Amino acid sequence: MKEILVELEREIKEVHEMKTTAFNERHWNDWEKAHARLNALFFCQHLLKGNEQILGCYQTNIEGVKYNSGGFRLEGN
């Protein structure tokens, strides 16, 4: 598990750097892709660490959650 978390941290740092570069260069499509990937990586990180209280911020279509920062939402819903 320790090796998985180390690799996850490495991936988060790399994607964050790419997201920052895309933002600075105004490549909005790449920025949105990196943003979505970061949310997925953060979800995995919290899931693996057992951070149940934070998972609601990233889960999709979870009952009782009216707003979340990283869960997928269909356009117009």
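Two residues are in contact when heavy atoms of theirs lie within 4.5 Å. Keep that in mind for this tour of a predicted model.

**Stop 1: Gln 45**

Select Gln 45, which lies in helix H2. Is it buried or exposed? Gln 45 is buried, because its relative accessibility is 8% and the cut-off for buried is under 20%. Now show what touches it. Setting aside neighbours within four places in sequence, Gln 45 is in contact with Leu 8, Glu 9 and Ile 12.

**Stop 2: helix H1**

Select residues 2-24, which make up helix H1. Pick out the buried residues of H1: Leu 8, Glu 11, Ile 12, Val 15, Lys 19 and Ala 22. An α-helix has 3.6 residues a turn, so residues three or four places apart point the same way. What covers the buried residues of H1 includes helix H2, residues 28-49.

Try the distance tool on H1. The end C-alpha atoms of H1 are 33 Å apart. That agrees with the 33 Å that its 23 residues should span at 1.5 Å a residue. Then step just past H1 to Arg 26, where phi is positive, about 60°.

**Stop 3: an aromatic pair**

How many aromatic pairs are there? The count comes to one. Select Phe 23 and Trp 28 to see this pair. Phe 23 is partly exposed, at 44% relative accessible area. Trp 28 is partly exposed too, at 43%.

**Stop 4: helix H2**

Select residues 28-49 for helix H2. Which residues of H2 are buried? They are Ala 34, Leu 38, Asn 39, Leu 41, Gln 45 and His 46. Their cover includes H1 and helix H3, residues 52-55.

Check the span again. The 22 residues of H2 should span 32 Å at 1.5 Å a residue. The end C-alpha atoms of H2 are 31 Å apart, which agrees. Just after H2, select Gly 50, which has a positive phi of about 75°.

**Stop 5: a surface patch**

Finish on the outside. Select Met 1, Ile 4 and Leu 48. These three form a nonpolar patch on the surface. Together they have about 290 Å² of accessible area. Met 1 sits in the segment before H1. Met 1 counts as exposed, because its relative accessibility is 53% and the cut-off for exposed is over 50%.

How values were computed. Residues are numbered from 1 along each chain as its sequence is written. This is a predicted model: local features need pLDDT of at least 70, side-chain atom pairs count only at pLDDT 80 or more; totals for chains, interfaces and linings use all residues. Side-chain values use heavy atoms; hydrogens and water are left out. Rings of Phe, Tyr and Trp (its six-membered ring) pair if their centres lie within 6.5 Å; planes under 30 degrees apart count as stacked, over 60 as edge-to-face and the rest as tilted. Buried means under 20% relative accessible area, exposed over 50%, partly exposed in between (1.4 Å probe, protein chains only). Patches are made of residues with over 30% relative accessible area and no salt bridge: like charges are joined within 9 Å, nonpolar side chains (Val, Leu, Ile, Met, Phe, Trp, Tyr) within 5 Å. Accessible areas come from the Shrake-Rupley method with a 1.4 Å probe; for residues, only the protein chains shown count as cover. A salt bridge is a side-chain nitrogen of Lys or Arg within 4 Å of a carboxyl oxygen of Asp or Glu. Helices (H or I, at least four residues) and strands (E, at least two) are DSSP runs, numbered from the N terminus. The expected span of a helix is 1.5 Å times one less than its number of residues.
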